[in-house]
Amino acid sequence: MNAPSAAVARTLANDRFLRALRRQPVDRTPVWMMRQAGRYLPEYRASRAKAGGFMELCRNAELCCEVTMQPIDRYGLDAAILFSDILTIPDAMGLGLSFGEGEGPRFAHPVRSAADVARIGVPDPEGELRYVMDAVRTIRGALGDRLPLIGFSGSPWTLATYMVEGSGSKEFAKIKAMAYGEPELLDRLLATLVESVSQYLLAQIAAGADAVMVFDTWGGVLPPAAYRRHSLDPMARIVARLKAQAPDTPVVLFTKNGGQHLAQMADTGCDALGVDWTTDLATARAAVGGRVALQGNLDPTVLFAAPERIRSAVAAVLESYGAGPGHVFNLGHGILQHTPPEHAGVMIEAVRELSPAYHR
Ligand code: CP3
């Protein structure tokens, strides 16, 4: 496809998040939360009811913008993240996405055979996925030059797990059967996804995203060699493409349960790595040797504890990263649905209070 117009150089009133991703000095550690716009917020539940459903919400740029801004207005976070979902790409490929009440995502037409893989095309980001780009443009307009906006996609492997399984999974028997039994077939599916994700992220950057994050939620279920072939290598090809076409936009890779792969992930040339709570940030920092920034990693379940416990858990995460730039405070995975919203506020306030000591 044609190269989208280059990212717009923007001067932001609050650029702590982008500076931290570039490992530049900051006054305090920036903070945002994965899934910060979501069901734990009563104002989100009201907007979702107004839209009539989750995908209806994703397809309405004004309401996407409304819910993106809700956690910003409530907490004063250091970054906004596009409100959408990783499954927009397979939906645009014609797989028929639905979210059953309380049962998670489901595809009417899962990908199982060579003929299924051959049929899948690369969706046009300004065609079938225009609603996502419209949301990015609307959110950019509402943010103005106040705060950075994060765009995102699922990783090829993680998208493939949903496309082949047809829903969420515990054992990943169908996608693993393809990975071990027909790896060349899976390579072809992943190649289509590499192209789709690259175009999708470049279009989000052209529409106003200041940084992009790749969610590899399920890379951690693979043995190391299979992780490298089916999860890491496709992400590396995406990073190379983004660095060639949008060199100034920071790229964050996040493999859940990927602690043992951090050094190889840093080798992709990305700018930052998301780290879940099963890896200590000190260990992670030593593993990447200052080549990339780190984002994380408070266990989201800590937010069910009392405020004083939350504060000491935040202190421990800051201490574990230690002094100097290159840390973005976040949860180690998405905020949980039944989290008391005030407790998220306690965490954010603790980062504001305790982190300046690490940046003197
Ligand atoms: O971080 C943000 O605030 C941005 C929004 C965002 C959503 N999904 C909104 C959402 C992001 C970044 C995602 C990514 C996503 N979607 C992932 C990767 C996440 C990670 O942290 O590793 C995955 C695996 C999905 C697929 C998906 N979408 C699942 C498993 C679910 C939950 C289904 C359920 O009912 O529990 C969704 C739905 C979804 N995506 C919701 C939100 C706020 C809840 C939908 C609702 O309102 O009912």
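Visitor: Is Phe172 buried or exposed?
Guide: Buried means under 20% relative accessible area, exposed over 50% and partly exposed in between, using a 1.4 Å probe and protein chains only. The relative accessible area of Phe172 is 4%. Phe172 is therefore buried.

Visitor: What kind of model is this?
Guide: Residues are numbered from 1 along each chain as its sequence is written, and side-chain values use heavy atoms, with hydrogens and water left out. Local features need pLDDT of at least 70, side-chain atom pairs count only at pLDDT 80 or more, and totals for chains, interfaces and linings use all residues; the model is predicted.

Visitor: In which loop is Phe172, and what is its phi?
Guide: Helices (H or I, at least four residues) and strands (E, at least two) are DSSP runs, numbered from the N terminus. Phe172 is in the loop between α8 (156-165) and α9 (173-181). Most residues other than glycine have a negative phi. Phe172 is not a glycine, yet its phi is positive, at about 60°.

Visitor: Where is Arg35, and is it buried or exposed?
Guide: Arg35 sits in the loop between α1 (16-21) and α2 (42-51). Its phi is near 65°, a positive value in a residue other than glycine. The relative accessibility of Arg35 is 58%, so it counts as exposed.

Visitor: Which residues come nearest to the ligand?
Guide: A residue is near a molecule if one of its heavy atoms lies within 4 Å of it. There are 24 residues around the ligand. Those that come nearest are Arg35, Tyr44, Arg48, Asp85 and Thr217.

Visitor: How many Å separate an oxygen atom of the ligand from the side chain of Thr217?
Guide: A polar contact is a pair of N or O atoms within 3.5 Å; within protein, one must be able to donate a hydrogen and the other to accept it, and residues adjacent in sequence count only if both atoms are side-chain atoms. A backbone N or O atom of Ala37 lies 3.3 Å from an oxygen atom of the ligand. For a polar side-chain atom of Arg48, the distance to an oxygen atom of the ligand is 2.6 Å. For an N or O atom in the side chain of Thr217, it is 2.5 Å.

Visitor: Why is helix α5 described as largely enclosed by the rest of the structure?
Guide: Helix α5 covers residues 88-95. Its buried residues are Thr88, Ile89, Pro90, Asp91, Ala92, Met93 and Leu95.

Visitor: Which residue just after α5 takes a positive phi?
Guide: The phi in question is about 75°. The residue just after α5 that takes it is Gly96.

Visitor: At what angle do the axes of α10 and α11 cross?
Guide: Two packed helices are described by the angle between their axes and the distance between the axes. Axes are lines fitted to C-alpha atoms, for helices over the stretch in contact, and angles run from 0 to 180 degrees between N-to-C directions. The axes of α10 (residues 183-207) and α11 (residues 224-245) come within 9 Å. They cross at roughly 30°.

Visitor: Is the crossing of α10 and α11 left-handed or right-handed?
Guide: A crossing is left-handed if the near helix is turned anticlockwise from the far one by less than a right angle, and right-handed if clockwise. The crossing of α10 and α11 is right-handed.

Visitor: How many disulfides does the structure hold?
Guide: A disulfide is a pair of cysteine sulfur atoms within 2.5 Å. The structure holds zero disulfides. Cys65 is in no disulfide, and the nearest cysteine sulfur, that of Cys64, is 8.5 Å away. The count asked for is zero.

Visitor: Which side chain does Asp271 join in a polar contact?
Guide: Asp271 is in the loop between α12 (262-266) and β7 (272-274). It is buried, with a relative accessible area of 18%. A polar contact of 2.7 Å joins its side chain to that of Lys243.

Visitor: Is Gly289 buried or exposed?
Guide: Gly289 is in the loop between α13 (281-288) and β8 (293-298). Its C-alpha atom is separated by 8.3 Å from that of Ala263, 26 residues apart along the chain. With a relative accessible area of 56%, Gly289 is exposed.

Visitor: What is omega for the peptide bond from Gly296 to Asn297?
Guide: Most peptide bonds are trans. Asn297 is found in strand β8. The bond from Gly296 to Asn297 is cis, with omega near -5°.
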